[in-house]
Amino acid sequence: MPTFKTSFKKTALALATSVTASLAFASAQAAEVEVLHWWTSGGEARAANVLKELMEAEGYGWEDFAVAGGGGETAMTVLKSRAMSGNPPSAAQIKGPEIQEWGELGLLGELDEVAAAEGWDELLPGTVAEVMRHDGQYVAVPVNVHRVNWLWANPEVLEAAGVEMPTTLDELFAAGEAIREAGFIPLAHGGQAWQDATVFESVLLATGGTAFYQQALVDLDPEALGGEQMVEALTTFKRLRELMDDDMSGRDWNIATSMVIEGSAGMQLMGDWAKGEFTAAGLTAGEDYLCAAAPGTQDAFTFNIDSLAMFRVEGEEREAQHALARLVLEPTFQEAFNLAKGSIPARPDLDMSEFDSCARQSLDDFQRTAEEGGLVPSMAHGMAVRADVQGAIFDVVTNYFNSRDMAAEEAARRMVNAAQAAL
Ligand code: GAL
């Protein structure tokens, strides 16, 4: 039994700690960050909460500016209107080439002091650091590396259908047929433009290979965009509709993932934020659910790096913003956030022992494809081309996918126009 003395000591200590904490909170109450993001699904919200808690533990306030909508299109629209009214948040989830677009508008604040103190130059791979800088100065901080070309599956559904995890597109169509015959939806999908584009780029990677992906969706080469390989990619992509259900229109991606979790559907083609949903449901990778590179894309890795860009702010808000930037690259955040989010850490020096088999495969494949030339930026997730080009490509992909009579040749022609019109 604790003596009076020890329990008194404990109480006094607890009180002292809470007084210090509330004093710190009181003095820092004004120092708050407002952070815009679209992490609103179960797994995503758990991940975002890690950052909120770390900021609050240091005595800073967190104003959550969450705008629902997978892929972030709505969030970006809301961000533009806030920025235009001269009142941007302290930080926002902005990625890839879009960071440069915001930098060119002169709206971003630099983080060089934090970057120098924390040694970001040594910590981050050169290609990642490059994306985070505008005009040579750090204006954003990377939170993770997502892989987009993944296939997720429910092993019980596969077993009931008597099929294995497909490794080629032919196997995917054959497995899908068997899954349907066994009474399940083969491929869970949500009919939204960004989800259509997510599936499309994985199919294009499988049918055309990495070099073609690079020419078409990164370099926007008109010959690649309008040529035979594009027609083949589009035709195969459209065939996937056979494996989807009639109610997919407008469905959110995490609802599609939950269909795989519950076992009404067998598989889903989606980036590894889907793993955040499996994790949030308490499931174990390799046992309760399976992951594999999207069929036919074993030698490629479409990367999607989430990052928080910092707007130009003053005084205490700037101090809080710098604390946020520092915390994001610290091991505590990188580990806890990415375990919940389904991604891998943005810094390559961390111990991965807590991560599951899918995350470890992601890291291995990231390093292997970086060496062998299969590492490519995701077009569907804003890593490859500017937002206006991406939007124009989304329109073609989704209109073609949903059209009853548009030929693949016509869609390929529109692809060329989309890239040109937006240049
Ligand atoms: C991606 C984003 C991920 C995830 C996904 C679904 O664009 O990078 O973090 O949130 O959208 O919303």
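Visitor: Hi! Which residue stands opposite M267 in β10?

Guide: That is A153. Keep in mind that this is a predicted model.

Visitor: Thanks. Which strand does A153's side of the pairing come from, and in what sense do the two strands pair?

Guide: Strand β8, residues 150-153, pairs with β10 in the antiparallel sense, over three bridges.

Visitor: What about β9, parallel or antiparallel to β10?

Guide: Strand β9 (residues 185-187) runs parallel to β10, and two bridges join them.

Visitor: Switching topic, how is the chain split into domains?

Guide: The domain assignment gives domain 1 as 4-145 + 306-366, and domain 2 as 150-303 + 371-422. Their centres, taken over C-alpha atoms, are separated by 29 Å.

Visitor: How much area is buried between domain 1 and domain 2?

Guide: About 2100 Å², with carbon and sulfur atoms giving 58% of that. On the domain 1 side, P97, C358 and F366 supply 22% of the area buried against domain 2, more than any other three residues.

Visitor: How many residues are in contact there?

Guide: 26 residues of domain 1 are in contact with 27 residues of domain 2.

Visitor: Nice. How many salt bridges are there between domain 1 and domain 2?

Guide: The count is one. The side chains of D356 and K275 meet in a salt bridge at 3.1 Å, N to O.

Visitor: Which element gives the most to the side of domain 1 that touches domain 2?

Guide: That is α17, with seven residues.

Definitions and conventions. Residues are numbered from 1 along each chain as its sequence is written. This is a predicted model: local features need pLDDT of at least 70, side-chain atom pairs count only at pLDDT 80 or more; totals for chains, interfaces and linings use all residues. Side-chain values use heavy atoms; hydrogens and water are left out. Two strands pair if DSSP finds at least two bridges between them. Helices (H or I, at least four residues) and strands (E, at least two) are DSSP runs, numbered from the N terminus. Domain bounds come from an automatic or database domain assignment. Contact means heavy atoms within 4.5 Å. Buried area is the accessible area (1.4 Å probe) that two parts lose on being put together, summed over both. A salt bridge is a side-chain nitrogen of Lys or Arg within 4 Å of a carboxyl oxygen of Asp or Glu.
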